Amino acid sequence: MHLDYLHNRDHVLLKSVLVINLEVKDNHEEAAVGGQLTLELCQKIEAVESWEDSIDEIIAAFEAKHRRKLVYSISFY
């Protein structure tokens with residue numbers, strides 16, 4: 001298999017990406033609640049000027065308010 005296409009793509013280096021995991025049970029009610037919570041969390045993140053500087057506080061406030069533990073990481077590509 002020839003993989004030249006992997007080397008011909010434009011590369012953006014060191015751009016940060018946030019990955020957040022919110023555990024949601026597999027049923028309709030929990031999915032609806034999870035969707036609302038996810039929307040709220042995304043709105044909080046979008047409301048700040050720099051999510052990289054504020055993410056710890058946003059996550060801590062979300063976890064305290066909703067009593068749900070989030071797992072998150074910041075990756076770079």
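Q: Which residues does Ile59 touch, not counting residues up to four places away in sequence?
A: Ile59 touches Ile20, Leu70 and Tyr72, where contact means heavy atoms within 4.5 Å. This is a predicted model, in which local features need pLDDT of at least 70, side-chain atom pairs count only at pLDDT 80 or more, and totals for chains, interfaces and linings use all residues. Residues are numbered from 1 along each chain as its sequence is written, and side-chain values use heavy atoms, with hydrogens and water left out.

Q: What makes up the largest nonpolar core?
A: Nine residues do, namely Leu37, Leu41, Ile45, Trp51, Ile55, Ile58, Ile59, Phe62 and Leu70; such a core is a set of buried Ala, Val, Leu, Ile, Met, Phe, Trp, Tyr and Cys residues joined through side-chain atoms within 4.5 Å. H2 and helix H3 (51–66) each supply at least two residues of this core, and its largest share, five residues, comes from H3.

Q: Why is Ile74 called partly exposed?
A: The relative accessible area of Ile74 is 35%, and buried means under 20%, exposed over 50%, and partly exposed in between (1.4 Å probe, protein chains only), so Ile74 is partly exposed. Ile74 lies in strand E2 (residues 70–76).

Q: What makes the link between the side chains of Glu40 and Lys65 a polar contact?
A: The two side chains come to 3.2 Å, and a polar contact is a pair of N or O atoms within 3.5 Å, of which, within protein, one must be able to donate a hydrogen and the other to accept it, while residues adjacent in sequence count only if both atoms are side-chain atoms. Glu40 itself is found in helix H2 (residues 28–47).

Definitions and conventions: Helix = DSSP H or I, 4+ residues; strand = E, 2+ residues; numbered from the N terminus.
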